[in-house]
Amino acid sequence: MLCTAGAQLYAQTSVAIKDGEKWYGGAVNEAHLMPFKDGYSLDMYGDTRGNQAVPLLVSTKGRFIWSEEPFKFTFEKNKLVISNAKSALTIDSAGKNLREAFSNASKRFFPSKNKLPDTLLFSKPQYNTWIELVYNQNQKDILSYARAIIDNGFPPGVIMIDDNWADYYGRFDFRSDRFANAAAMVDTLHSLGFKVMLWVSPFVSPDTEVFRELLAKKLLLFDNGGDATKPWAKAEKPAIISWWNGYSSVLDFTNPEAMQWFHGRLDHMVKTYHLDGFKFDAGDADFYPTNGLSFKKATPNEHSRLWGELGLYYPLNEYRAMWKMGGEPLVQRLRDKKHNWEDLQKLIPHLTTAGLLGYQFTCPDMIGGGEYGSFIGKDKLDEQLVVRSAQCSALMPMMQFSVAPWRVLSKQNLAAVKKAVDIRAKYTPYIMQLVKTAATTGEPIARSMEYEFPNQGFTNVQGQFMLGSKYLVAPMIANGSTKTVYLPKGTWRSDLGKIHKGPAKIETEVAADRLPVFELIKN
């Protein structure tokens with residue numbers, strides 16, 4: 001059923017929920033609450049929950065709901081109520097299960113482009129300087145971190161230089177007080193076997209030279225002063241955005257000249273400092289106010305999507321916030337997780353739900369957690385949590401380190417983390433095969449149990465996932481050593497060599513250095 005845009009623009013639509021039907025979609029950062037329960041509600045207009053979001057809902061009965069613009073959805077008893085829709089809704093019932101709902105939606109609305117991000121992001125671990133250096137990014141410590149990676153027996157891969165490398169936001173040169181020769185630093189990192197990414201955001205610090213230049217050219221988002229009818233041509237006052245680093249103006253990427261300016265500055269960084277790509281942070285729909293006045297009229301969500309277009313110029317890219325853009329060769333990282341078991345348990349549902357929304361080139365958060373605030377005041381990290389986090393990430397599409405395992409772990413626990421990296425190396429050829437398939441078909445790399453084994457009772461199973469169709473991965477994500485694993489129909493061989501006949505619910509002991517993997521050897 002395709003609703004007409006005119007009649008449907010702000011109308012309310014009620015969809016009867018079928019017996020046993022479960023729904024997923026919307027915002028990745030809400031995935032631990034999926035399948036949705038009665039009473040859940042989210043208005044996606046200007047709210048992507050600090051991560052990726054897509055105007056898509058998919059059901060275990062093969063149905064999907066799509067709109068090109070954000071909408072509000074609410075579960076009320078046996079109804080799914082769609083309201084505040086900003087454009088036409090498509091309600092499709094052609095599929096029979098979750099896999100078919102996703103496949104039908106992706107082929108129609110966000111088909112894969114047969115392009116890949118830089119494959120080094122998948123084939124080797126990634127290393128981010130955030131947790132070790134936070135805002136003290138500097139040449140000496142970055143090089144020390146990189147050398148320590150190799151000295152401690154970890155393979156070089158992509159290294160990401162995080163926030164506060166410039167004098168202020170909007171200036172695209174390394175600050176001279178911390179980087180004596182940034183180009184030489186990058187050259188050294190290359191010689192050590194790394195490719196180098198750099199953190200960037202769409203913000204511009206006010207009262208700076210760059211700010212004044214962009215204001216004069218009208219390349220910033222403006223404030224309409226409370227007058228919704230005010231034309232862009234008469235805009236004078238830039239919007240000042242409150243974000244985690246203070247107050248800044250933000251570029252208006254509905255203006256092609258702003259897009260050209262930012263792309264030019266990134267190319268300048270590549271040419272001058274020999275960089276390989278960028279970590280595109282911020283860009284959340286939440287940071288584009290509803291009273292913003294832009295070159296072309298756009299929702300906060302569309303501003304976020306335009307931020308995503310910049311990454312298409314650089315195969316080495318990463319995003320944390322995104323609107324739509326499924327099927328594109330963009331890397332999507334889960335939102336920063338805290339250093340606790342509760343957030344570790346969110347990794348699997350969040351990552352597999354990202355796949356259901358068209359984001360296959362996904363990265364779990366930094367191993368041990370990337371939310372710096374949860375590290376403050378801790379004299380000692382939870383070593384078991386860091387180990388289990390590494391194991392959980394090991395067979396996901398990517399794995400990313402930030403806190404240095406050799407600094408915070410005992411010799412025994414460090415060995416367990418290195419073993420997780422070795423396990424990944426063993427499965428890397430299969431992961432790369434899935435990555436290439438995802439680029440052509442859009443099929444998820446990491447899959448929920450319900451996606452791969454529909455209607456076998458797996459809708460609420462969040463502690464395990466399928467790597468492709470061949471391997472069931474069941475990492476230990478609780479503070480303990482016994483894991484309950486739910487095996488679907490078929491014959492399975494565990495990583496310990498034991499044969500299991502499914503369907504079965506098994507309890508397995510998980511040693512400190514073990515990542516339970518079950519291979520499907522016969523359907």
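The following legends describe close-up views of a predicted model.

View 1. A disulfide would need the sulfur atoms within 2.5 Å. Across the whole structure, the search finds 0 disulfides.

**View 2. The aromatic pair of Phe-122 and Phe-361.** The whole structure holds 46 aromatic pairs. Phe-122 belongs to helix α3 (residues 120-123), whereas Phe-361 sits in the loop between α11 (347-356) and β21 (362-363), so the pair ties together parts 239 residues apart in sequence. Phe-122 is buried at 0% relative accessibility, and Phe-361 is buried at 4%.

**View 3. The aromatic pair of Trp-232 and Phe-295.** These two rings are edge-to-face, their centres 5.1 Å apart and their planes at 90°. Trp-232 is in the loop between β13 (222-223) and β14 (241-243), and Phe-295 is in the loop between β17 (292-293) and α9 (300-310); the pair therefore ties together parts that are 63 residues apart in sequence. Trp-232 is partly exposed, with a relative accessible area of 21%. Phe-295 is also partly exposed, at 36% relative accessibility.

**View 4. Lysine charges over aromatic rings.** At Phe-222, the charged end of Lys-218 sits over the ring, 5.3 Å from the ring centre. At Tyr-430, the ring has the charged end of Lys-470 over it, 5.9 Å from the centre.

**View 5. The open sheet β12-β15-β14.** Three strands make up this open sheet, in the order β12-β15-β14 and with antiparallel pairing. Strands β12 (203-204) and β14 are the edges, each pairing on one side only. Between β12 and β15 (residues 246-250), which run antiparallel, there are 2 bridges. Val-204 has Ser-249 of β15 as its bridge partner.

**View 6. Helix α2 and its packing.** The 12 residues of α2 (residues 98-109) reach 16 Å from the first C-alpha to the last, close to the 16 Å expected at 1.5 Å a residue. Its buried residues are Leu-98, Ala-101, Phe-102, Ser-103, Ala-105 and Ser-106. They pack against the strands β2 (23-27), β4 (52-59) and β5 (64-67), and against the helices α11 and α15 (449-452).

**View 7. Surroundings of Ala-31.** Ala-31 is part of the loop between β2 and β3 (41-43). With a relative accessible area of 1%, Ala-31 is buried. Leaving aside residues up to four places away in sequence, Ala-31 touches Pro-349, His-350, Thr-353 and Gln-462. The C-alpha atoms of Ala-31 and Thr-353 lie 6.2 Å apart in space, although the two residues are 322 residues apart in sequence.

Terms used: Residues numbered from 1 in each chain as written. Predicted model: local features only at pLDDT ≥ 70, side-chain atom pairs only at ≥ 80, totals over all residues. Heavy atoms only, no water. Phe/Tyr/Trp six-rings, centres within 6.5 Å; stacked < 30°, edge-to-face > 60°. Helix = DSSP H or I, 4+ residues; strand = E, 2+ residues; numbered from the N terminus. Buried < 20%, exposed > 50% of the residue type's maximum accessible area, 1.4 Å probe, protein only. Lys NZ or Arg CZ within 6 Å of the ring centre and 35° of its normal. Pairing = 2+ DSSP bridges. Expected span 1.5 Å × (residues − 1). Contact = heavy atoms within 4.5 Å.
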